[in-house]
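The stops below concern pairs of charged side chains.

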Amino acid sequence: MNPFTMLPEGCISEIISFTTPVDTIRSSVISRGFKAAAESDIVWDKFLPSDHQNIVSRSVSPILFDNKEDLYFRLSESPILLDEGKMQSFWLDKTNGKKCYLLSSRQLTISFSDTELFWEHTFDADSRFPEVALLNNVDLLDIRGKIGTRGTMALN
């Protein structure tokens, strides 16, 4: 007899929540009990960032989801635009749930970005942001950005 079949689903969910999203998916094929435990909000809530409600509330488009697992995969499969869609894009790394941000060119400090000889800001239909920075000429490339986190982090 399999000893895991005697464990309550909540106990199995708690154990699975200490793994990774990939391991959780793999464990869901072991048995019906593991499948139910792996689909639990207890598990997927631990894979979501602690501030996921704040991030979702800043999305340009509403994010519809049925449960925490659904939210996790929506955030990992399709980046969302934040704060009116002009400054940041956000998604989760599908394998480990880490936060990923993409900054628009207007949110970066780019040396000589106001000089058309070096840079021009233009519309690009293929970009997720309404405007992109196009490099015309370069003698020096210095791009900096900041993302607000618990402590502000600078990108160089």
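Select R74 and D70 in this predicted model: the two form a salt bridge, with 3.3 Å between the closest N and O atoms. Both residues belong to helix α6, and because they are four residues apart there, about one helical turn separates them. Colour by accessibility next: R74 has a relative accessible area of 42% and is partly exposed. D70, at 22%, is also partly exposed; the cut-off for buried is under 20%.

Stay with helix α6, which covers residues 68–77, and select K68. Which residue does the side chain of K68 meet in a salt bridge? The partner is D45, at an N to O distance of 2.9 Å. D45 lies in helix α4, so this pair ties together parts that are 23 residues apart in sequence. With a relative accessibility of 34%, D45 counts as partly exposed.

Now keep helix α4 on screen, residues 41–47, and pick K46. Its side chain makes a salt bridge with that of E14, N to O 2.8 Å. E14 sits in helix α1, residues 9–16, so the contact ties together parts 32 residues apart in sequence. K46 is partly exposed at 42% relative accessibility, and E14 is partly exposed at 32%.

To finish, list every pair with a side-chain nitrogen of Lys or Arg within 4 Å of a carboxyl oxygen of Asp or Glu. How many salt bridges does this rule give? The count is nine, among them R74 with D70, D45 with K68 and K46 with E14.

Conventions
Residues numbered from 1 in each chain as written. Predicted model: local features only at pLDDT ≥ 70, side-chain atom pairs only at ≥ 80, totals over all residues. Heavy atoms only, no water. Helix = DSSP H or I, 4+ residues; strand = E, 2+ residues; numbered from the N terminus. Buried < 20%, exposed > 50% of the residue type's maximum accessible area, 1.4 Å probe, protein only.
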